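Please take a moment with the sequence and the structure below before reading on. The paragraphs that follow lead from the chain as a whole to a few of its residues.

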Amino acid sequence: MTIFAVVVLSSLLLFFAVLIDYARIAAMESMTENAARSAVRSVLSAYDEGLYEGYGLFGRGGTEGGEIFAGVMEGNRGTDAISDKNAFRILSTRVESTELLPSSMLGEHAVFAREVLEEEKYKAPVDLTLEVISKFVPLASSLKSSTNEVRTLEQLRKLYEEREALLEQALKEQRLAAELSSDSLLLAAVGIKEGSRSAADLEAGFPEYAKLAARLSEVSAALLELSDQLHAEEAISQAKQADDGEATDENSDMASIKHKIQELQLQSQAISAEMAAFEHELLLFSQKVREEINQLEQSHNERLAEANRKLEGAEQLNSQMKRVLEQSEQAAAASYDSVNRQEVPGAQRFEASELDEASAKDWTEEGKRLLRETSWFQAYSNEINGQGTELSSFTNRMEKLLLAMNASLSKIRRERSYDGSIRSNIDEAKSSYGPYKMNYVNPASALQKREALLEDGIKDKLEEQEAQTRSLWKTAGKMLNGLSFAEDNDEYQALFHEVEKRYEQNLSFNRQIAVADEQARVEESGISPDNAHEAAEQSSSLTDSLFSGLSGMLEHSRNALYFGEYSASRFSYFEPQRMRSFYESGDPGEIAQAASFYNQEVEYVLYGFDHPLGNIMAAYSELFGVRLAIRTMEGLIESRSLGHPLLVLSAALIYGLEKTIEDMLSFAEKGEAPVSKYVKANLSYADYLRLFMLMHGGADSKRLSRMIAVIEQENQVTLSTVPAGVTGQAAVSIKLWFLPGIMKQLERFDLLKGKVTGGRYEATTTIGSSY
């Protein structure tokens, strides 16, 4: 029994000994983990006060973190820290080593964005921003209509001008074709006194050849008579020779007969030569006339073919105009309707019933007035072809005239007579040219009628309005582009290069972390149009982006709002009152001196130009664009009574430019301007910067890097080296009371987290945490 009891008690003692050490190990591990958590929290409690006070960001700063971590771990190592040497120490631990590793750098986009969102979640003046947005809600419906109208009408205007230019060119080709006929030698050849060329260019005309033909008939008859006389004289001479036998030259009668025969022969030769010369001249004349006919027909047809090509091009443009009108309704951005349906909690509701009533007119029906019917183009095509047909009638008569003259010459040869038919054919040729002359040369009634159909009666008014628009755009251009002529400040430029370097470094740092695909850098720069029409069209796209941002903020994530509000509340912006002297004098020198980076941090975050004036110009350009879109919308309503769509568009643009220039002056004087004629509220330049943040998204990697670069420049720190979290690692050991060998065996079976060395159990604890 004693042996049995010893065996049983020994087993129990062994079991309890192992259990006691195991319990002490578990307690030590738990105590070490808690101590490590406290140590990490203590490390994080030392933050950079400058970053927090200036930007609400938490980043490690102050006392060195490893020292804090080691001190806390040492102070929490258990009963071994009790000063009473006689105290019973159940957990007598020893800190073998400590290590503190930084993590979650503040320069990482995910970390930075998280801290900004947490900061703005509670502190952002959301109500104020919603009140700003609420002032745009009444404009949503009308701006949807007006921006779509401006965009569509501008597209129609371009196509309309191209179409009308082609139609004018087609008419010009018809006139050039008519000039070819009026300057043709064919007219002079039949005795029509038109153009600058005369019959002298042909040496003779058909009337002259008619006279020559009559003369040729007389000559031919005379030749026949002389031939008969010659035969009679030769017969007499032969008879006398037979009667006299040997007639001599001294016989006076014979000499007289011979002399007469010689004279008749000479006359016959002269007449024959005259007839041959006439025939040769007539041949050359016929060839030249035929060449003139061919050349006139070819050149005339080429001009008319070109006119038809211009007409076909104009008809294609007309079809494009139809498609633009058909697609205009589907092209309207849905974000306007989304914003219009929103009820902004806690914000004042601005009513604009007058605006809704004024903008209710269906402008698409008005836009159809710019179109031409298919039948109009068909009628014009028939008219062009008819011009060719009428000229062909004249040239065909000229061909018949040549044939008639050749036939008359043949008759003269055969019958020695001329019937005067050439003259009648000349008269017919003249008559055949009459209709062509009336329709296309003088007075050119067909072309005048077509010109009247091309003239819609608004060109003079449009030219007058365009002159006024150019004048206003010149003024606006000075406001938008005048700063580009300012001399660069080398000190400011160097500062921007330094900020840009910080931006690039942070962007590269985050790309390495994310291993993201590289994309080309595309910066937003507002609007930079060449003329007022392009400005109106671009401003329409600008408001599309603006309301898309508002819609996304109201319906989905508000992150863009928080980033925008963070930038607006923490960074500086360029005070609009600084622009007053520039607007008044046109001298950008004072603006250039005020364009320090520290005066335009919000603008830099928005656009990212590394130039002292680039971001300011971009911001005020977008401000001008938004104001122009709203004011042009008002102008469309004010100008409805003008009727013609292009007159309405042009007048609306003039109104928009005038009011936008007034708004820009108001910003420079008071820092704010009315939202609209129909919304009785004001918005400041800073409010528009908030809206631009929404419009541009505000949370992409480039913009986050710029925000970080601004903070780094202000505080002369590098956020990619500032930890927003730490990981602490501590190795702690405890002396084993019983059977270290058995605990070593447990370690081999992975039943312990640490290791047994020299009678002590050692475990490593790793704890991480962040702000």
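A residue is called buried when its relative accessible area is under 20%, exposed when that value is over 50%, and partly exposed in between. The model shown here is a predicted one, and with these cut-offs in hand the reader can begin with Arg163, whose relative accessible area is 1%, so that Arg163 counts as buried. This arginine has its place in helix α6, which covers residues 140-182. When residues up to four places away in sequence are not counted, Arg163 touches Ala314, Leu317, Asn318 and Met321, and also Leu370, Leu371, Arg372 and Phe377.

The next topic is charge. Side chains of opposite charge can pair when their charged atoms come close. The structure holds 25 salt bridges, and one of them joins Glu306 to Arg309, with the closest N and O atoms 2.6 Å apart. Both of these residues lie in helix α9, which covers residues 252-331, and they are 3 residues apart, about one turn of the helix. Glu306 has a relative accessible area of 23% and is therefore partly exposed.

Which parts of the chain does the pair of Asp663 and Arg631 link? The two residues form a salt bridge whose closest N and O atoms are 2.8 Å apart, and the pair links distant parts of the chain, since Asp663 is in helix α24 (residues 645-670) while Arg631, 32 residues apart from it, is in helix α23 (residues 614-638). Asp663 counts as buried because its relative accessibility is 3%, and Arg631, at 7% relative accessibility, counts as buried too.

Helix α23 also contains Glu638, which forms a salt bridge with Lys677, the closest N and O atoms being 2.5 Å apart. This pair likewise links distant parts of the chain, for Lys677 is in the loop between β2 (672-676) and β3 (679-684), and the two partners are 39 residues apart. Glu638 counts as partly exposed at 37% relative accessibility, and Lys677 counts as partly exposed at 33%. Salt bridges that share partners join Arg627, Arg631, Glu634 and Asp663 into one network.

One further residue concerns a charge without such a partner. Glu108 is found in the loop between β1 (93-105) and α4 (109-123). Although Glu108 is buried, it has no salt bridge, and the nearest side chain of opposite charge, that of Arg114, is 7.5 Å away. A salt bridge requires a side-chain nitrogen of Lys or Arg within 4 Å of a carboxyl oxygen of Asp or Glu. Leaving aside its neighbours within four places in sequence, Glu108 is in contact with Phe509, Asn510 and Ile513.

Terms used:
Residues numbered from 1 in each chain as written. Predicted model: local features only at pLDDT ≥ 70, side-chain atom pairs only at ≥ 80, totals over all residues. Heavy atoms only, no water. Helix = DSSP H or I, 4+ residues; strand = E, 2+ residues; numbered from the N terminus. Buried < 20%, exposed > 50% of the residue type's maximum accessible area, 1.4 Å probe, protein only. Contact = heavy atoms within 4.5 Å. Lys, Arg positive; Asp, Glu negative; His and termini not counted.
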